[in-house]
Amino acid sequence: MQTAAIDPEAGLLRLTTVLAHSSSEWVLSDWPVCPVAETATPHRMGAALTYARRYALFTLVFRSLGVAARAEAAGANP
(Lines give C-alpha, C1' and ligand atoms only; values in the text may rest on other atoms or scores of the structure.)
Protein backbone atom coordinates (compact mmCIF):
# COMPACT_ATOMS: atom_id res chain seq x y z
CA MET A 1 0.00 0.00 0.00
CA GLN A 2 1.30 3.47 -0.82
CA THR A 3 0.05 6.78 0.56
CA ALA A 4 1.19 10.34 -0.05
CA ALA A 5 0.84 13.10 2.52
CA ILE A 6 2.12 16.61 3.10
CA ASP A 7 4.49 17.02 6.03
CA PRO A 8 3.88 20.65 7.06
CA GLU A 9 6.82 20.76 9.49
CA ALA A 10 9.36 19.70 6.87
CA GLY A 11 7.54 21.36 3.96
CA LEU A 12 7.67 18.12 1.94
CA LEU A 13 5.34 15.77 0.15
CA ARG A 14 6.14 12.32 1.62
CA LEU A 15 5.39 8.86 0.27
CA THR A 16 4.86 5.98 2.69
CA THR A 17 5.01 2.44 1.29
CA VAL A 18 4.07 -0.67 3.24
CA LEU A 19 4.83 -4.13 1.85
CA ALA A 20 2.86 -6.76 3.77
CA HIS A 21 3.00 -10.56 3.66
CA SER A 22 0.22 -13.02 4.46
CA SER A 23 2.30 -14.13 7.47
CA SER A 24 1.57 -10.68 9.01
CA GLU A 25 5.19 -9.55 8.55
CA TRP A 26 5.70 -6.18 6.90
CA VAL A 27 8.30 -3.57 5.98
CA LEU A 28 7.80 0.16 5.60
CA SER A 29 9.59 3.00 3.85
CA ASP A 30 9.01 6.73 4.06
CA TRP A 31 10.45 8.82 1.21
CA PRO A 32 10.54 12.60 0.84
CA VAL A 33 9.17 13.19 -2.67
CA CYS A 34 9.37 16.92 -3.32
CA PRO A 35 8.95 20.31 -1.63
CA VAL A 36 5.34 21.37 -1.03
CA ALA A 37 6.00 24.36 -3.31
CA GLU A 38 6.14 21.95 -6.26
CA THR A 39 2.52 20.91 -5.68
CA ALA A 40 1.66 24.13 -7.53
CA THR A 41 3.23 22.53 -10.63
CA PRO A 42 1.18 19.33 -11.04
CA HIS A 43 3.35 17.87 -13.81
CA ARG A 44 6.56 18.10 -11.76
CA MET A 45 4.88 16.80 -8.61
CA GLY A 46 3.26 13.94 -10.56
CA ALA A 47 6.55 12.94 -12.15
CA ALA A 48 8.34 12.99 -8.78
CA LEU A 49 5.55 10.98 -7.13
CA THR A 50 5.50 8.39 -9.93
CA TYR A 51 9.28 7.95 -9.67
CA ALA A 52 9.11 7.69 -5.87
CA ARG A 53 6.25 5.13 -5.96
CA ARG A 54 8.10 2.89 -8.41
CA TYR A 55 11.47 2.95 -6.68
CA ALA A 56 10.10 2.72 -3.13
CA LEU A 57 8.26 -0.48 -4.06
CA PHE A 58 11.21 -1.97 -5.97
CA THR A 59 13.54 -1.19 -3.06
CA LEU A 60 11.29 -2.93 -0.52
CA VAL A 61 10.67 -5.98 -2.72
CA PHE A 62 14.33 -6.56 -3.55
CA ARG A 63 15.44 -5.84 0.01
CA SER A 64 12.90 -8.38 1.27
CA LEU A 65 14.06 -10.96 -1.27
CA GLY A 66 17.65 -10.43 -0.16
CA VAL A 67 16.75 -10.93 3.51
CA ALA A 68 14.84 -14.12 2.68
CA ALA A 69 17.73 -15.46 0.58
CA ARG A 70 20.27 -14.78 3.34
CA ALA A 71 18.02 -16.45 5.93
CA GLU A 72 17.58 -19.49 3.69
CA ALA A 73 21.34 -19.71 3.07
CA ALA A 74 21.91 -19.57 6.85
CA GLY A 75 19.48 -22.46 7.35
CA ALA A 76 16.64 -20.40 8.81
CA ASN A 77 13.06 -20.73 7.62
CA PRO A 78 12.14 -17.28 6.16
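**Terms and values in a predicted model**

Visitor: Why is Ser24 called exposed?

Guide: Ser24 has a relative accessible area of 62%. Exposed means over 50%, buried under 20%, and partly exposed in between, with a 1.4 Å probe and protein chains only; Ser24 is therefore exposed. The model is predicted, so local features need pLDDT of at least 70 and side-chain atom pairs count only at pLDDT 80 or more, while totals for chains, interfaces and linings use all residues. Residues are numbered from 1 along each chain as its sequence is written, and side-chain values use heavy atoms, leaving out hydrogens and water.

Visitor: Where is Ser24 found?

Guide: Ser24 belongs to the loop between strand 2 (12–20) and strand 3 (26–35). Although Ser24 is not a glycine, its phi is positive, about 80°. Strands (E, at least two residues) and helices (H or I, at least four) are DSSP runs numbered from the N terminus. The protein has three strands and one helix, in the order β-β-β-α along the sequence.

Visitor: Why does Thr17 count as buried?

Guide: The relative accessibility of Thr17 is 1%, and this residue therefore counts as buried. Thr17 lies in strand 2. Beyond its neighbours within four places in sequence, the contacts of Thr17 (heavy atoms within 4.5 Å) include Val27, Leu28, Ala56 and Leu60.

Visitor: What joins the side chains of Thr17 and Gln2?

Guide: A polar contact of 3.0 Å joins them. The term requires a pair of N or O atoms within 3.5 Å; within protein, one must be able to donate a hydrogen and the other to accept it, and residues adjacent in sequence count only if both atoms are side-chain atoms.

Visitor: What makes up the largest nonpolar core?

Guide: Eight residues do: Leu13, Leu15, Val33, Cys34, Ala48, Leu49, Ala52 and Ala56. Strand 2, strand 3 and helix 1 each supply at least two residues of this core, and helix 1 gives the largest share, four residues. A nonpolar core is a set of buried Ala, Val, Leu, Ile, Met, Phe, Trp, Tyr and Cys residues joined through side-chain atoms within 4.5 Å. Not counting residues up to four places away in sequence, Ala48 touches Val33 and Cys34.

Visitor: Why does Tyr55 count as partly exposed?

Guide: Tyr55 has 35% relative accessibility and therefore counts as partly exposed. The place of Tyr55 is in helix 1 (residues 42–73).

Visitor: How many of the 78 residues of the protein count as buried?

Guide: The share that counts as buried is 14%.
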